[in-house]
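Visitor: I would like to learn how to read a few features of a model. Please take them one at a time.

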Amino acid sequence: MTHVLLIAGTAPTLSMLKAAVEQFRAAGATVHLAGLFDREAVDGVLDAPDVCSLSEVTAEQGNAFVKRIAKLPPSRRTWASAERSRWVRGHARRAQVLVALDANAVYTVWRLAERNRRADAVFGVAPGLRALQARGDHRMHYALRDAVRTVPSPTVTLRTTKRSVRHGAGAVLRRASSPAVMRTSLGAKAWRTAVVAPKVPDGVRAKLARRVSLSMAKGGRRTGASIVLNQAADRIANRKLSAALLADAARADLARGHDSPQIRAKAIEAALNLADQRYKKKDFSAAADQLSTAFSLAFNRGLHFDGTSSPMAKDPEGYLAVFRESAAFRALSAPRGRALPAAPAPTGRPLRLLVTTYANPSFLRAIRERYESHPEVEIRYLDVNEDDTTRPLAKGLKRITEHALGGQPAFHDKVEEALRPHLDWADTVFVDWCTNAAGLFTVVDPGTTRVIVRLHSYEVFAWWPHVVDFTRVDDLILVSDHLRELTEKVLPQLAGPDTATTHVIANAMDLAPFQREKADADVRFVLGLVGVSAVAKDPRWTLQVLRLLREKDERYRLVIIGEGLNRKASAAVRAYDDLLQPELEELEAVGAVHRVGQTDDVPAALTGVGVILSSSVRESFHCGLVEGVVSGALPVVRDWPFFASLESGPRTLFPADWVVSTPEEAAQRILALTQTEENWRAATEPAAKHALATWDWSVVGLEFDRLLLGDKA
C-alpha cells in the first residue's frame, strides 16, 4: 500500500479535496491530510484520525508561538506549525508521495522531503497521481531507490542539530543519529559533517561528537567512532574538553582491538600538557587525573599484552620520550629518599622478614616455605589486597600519584598508620611484583627497614613502576639479564644516586618433581606447550612449526597443557583467538593436536611430551619451558621478539643451541634431534642436567640467602 500525505496552507475547497482523495484511493493509496484549517472545514471527506489541523497545533504551542508565527510569511507559517506536529512528522516519514495542495504548502512539502528522501514531493493533485502511477509501473526501480535514501540530507542533519541545541530536542537528535542511521554511508557522512560544522559551541560539539561516536560504534562503524571524536577535538578551543575527546577517541580505538598511533600520541600529549599546566598551578588533583589518563592510554593492555608486538618494546626511550618531557611526570619520578640508610642484618637473633604482595602470590610458595623453616629467619606474610586496612589504600593509582606530586597529605598519614607497625617489626620487607604493594610501601619513609622489590616482566609494560620511589627501595630483583636491560631503559632513574641496587636472580622453582621417566621413546614426536592463556605465548607460531614437521613426518603432534585464552579480556584477544581456533580445530580433526586443559599435575602431563617449546613473544624467564626441559623434553626456544633489539635475550639466558629465530629453524632442530631415539636422548639429557644445575631452587635459594642474610647465609 502506498501512503500519500496532502499538505494544505489554507482550507481546501471541499469538492476539489473530495475528488482528489477518491482519485488517490482509486490508485491504491491511503490518504492523510494536514493543513492550516479548522477540522470542521473538511468534515465528511476523511475520517478524523486521517486529518491533522495545524491550526489546533498552533494553538497548543501557546500565545507566544501564535504571535511569533503571525509575523511570518504564509508558507513559513505552515511549516512552523507542521514541524511541531508529531502526527505530521510520523506520517511524513511513512509517505511515498508528498503533495502540496496550494502554494503556501510547497515550502512545507520541500522540508518534509528533505527528511524523507524516499518520497516524491510534488505540487498539485495531477503530479501526485502521476508519481503514484510511476511507482506502480516501476516497482523495482523505486524499491532500489528507496533502499539507498534511508537518511536525511546533510543539510537537514545540520539543521536538526542546531535546533536540538536551541530547543533541547534530545529525542529528535537520538532518533536522527541512531545506530540504524549510522550503518548507512550517507548517514555516517552526514553526521560527521555535522560534528565539524562551523560556529558550534565547544560544549555542544563535544556532546554531539560523543553521541555520534556511540551510535557509530553500535552501528558497526568503530573506526568512524574514533575518527569523529578526533575531528571534533581538533575544532574545540577548550583544552580540557579537547583532551577529553582525544582520550575518548584513543580508548574507543583500543577497545575495538586496534591502535592508531597518531590518535593515541595526540591524546597522551594533550593529557600531559594539561597535567603540566595544572601541576604548575599546584592543582595536584587535576594533574594526577591527567597523568592517570596518559598512563591508561600509554600502558593499555591491548598495546603490550594482547598482541604479538609492543610499541614500547621496539623503542622504549622513544615511546616514553613524551613523558620524560613532562614537568608533572618528572615530579612524579623525583626522588624523595629516606632519612636513614637500611640497617644491616641483625646479629644475635633471626632476621625478621616480611613477605608481601598484592593479590598475586604465584611465585612465593617456595620462598615462604624456605624461610618458614630457616633457623635464622622469622617470617610474616601480608597480602595487601586481603588486609582490610591496606586494601583501600593500595587500590588507587590516582592518590599515590597525587601524593607524589605534592598533594594528599592525609593519604600519606593513613599509609603511615597502616604500614608503620609492619615496618617497625621487619628488618627486611620483600615485595613481590612492582605494582600496588610496591607503590604503597614507598609512599612512606621506611626508616631503617630494608626494602627489596622483585619486578617481573609484566610491570615493565605497566604504569606502576613509574609511581614507585626507587630511592626508598634498597634492592631490585629481576629474573633475567634481558629483563634488567629493558627495565633500565624504561626506568632511567635506576641509574641515579641513592637508588635501588639491581640483582638478577632466577625464579624460585622446585624442579625435582619434574624428573620422571617418559612414557616411551615415541614421545619424542610429541611437542608440548605449557600455559597458553596469554596472546604473548603466541601458540600460532608453534602451529607453524607443527605444520612444517608434519610435511616431513605425520607422527609429529602437539599437546597443549593449560587453559586457553580468555576471550572476555579484550577485542585484541578475541581477534587473535578467532584466528587460532580454526587452526586448532583443523589439526585436532586429524589427531595432530590434543588439548589437555588445566591440570594440577603438570609433571605427569609432561611425561608424554618429548619436545618443549617456548613460542612466546615476551618472557621474563619462562618457568614452563625449564620444567619441560627437566622432564627430559628437547628445548626449542623462539628468540623472543620483544627483546630482539637488546644485547641480552634468550641466547644469553639459555644455551645458544636451544634458541631459534624462525619456525623453519625450529622444525630443522626438531627433525635433526628427534628422528632417532639416540639423538633425542643425547640432546635432552645434558639439557636437563644444565637446567637442574642452574635453576633448581636448591641453587637459586642460595642466591636469595646471600641477598637476604649476607654473612649469616
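Visitor: Which element gives the most to the lining of the largest pocket?

Guide: This is a predicted model, in which local features need pLDDT of at least 70, side-chain atom pairs count only at pLDDT 80 or more, and totals for chains, interfaces and linings use all residues. Residues are numbered from 1 along each chain as its sequence is written, and side-chain values use heavy atoms, with hydrogens and water left out. A pocket is an open set of points on a 1 Å grid over the protein atoms alone, where a 1.4 Å probe fits, with protein on both sides within 12 Å along at least five of seven lines; lining residues have an atom within 4 Å of a point. Helices (H or I, at least four residues) and strands (E, at least two) are DSSP runs numbered from the N terminus. Here α32 gives the most, with 3 residues.

Visitor: Which residues lie nearest the centre of the largest pocket?

Guide: Of the 49 lining residues, S362, F363, S533, K537 and C623 lie nearest the centre. Two or more lining residues come from each of α22 (365–372), α27 (457–460), α31 (602–606) and α32 (623–630). The volume of the largest pocket is about 1700 Å³, taken as the space filled by probe spheres set on the points.

Visitor: Is R420 buried or exposed?

Guide: Buried means under 20% relative accessible area, exposed over 50%, and partly exposed in between (1.4 Å probe, protein chains only). R420 counts as buried because its relative accessibility is 19%. R420 belongs to helix α25 (residues 409–425). Leaving aside residues up to four places away in sequence, R420 touches V415, V444, D445, P446 and G447, a contact being heavy atoms within 4.5 Å.

Visitor: What does the side chain of E485 reach at 2.9 Å?

Guide: A polar contact is a pair of N or O atoms within 3.5 Å; within protein, one must be able to donate a hydrogen and the other to accept it, and residues adjacent in sequence count only if both atoms are side-chain atoms. The E485 side chain reaches the backbone nitrogen of E647 at 2.9 Å, and that of S648 at 2.9 Å. E485 lies in helix α28 (residues 481–490).
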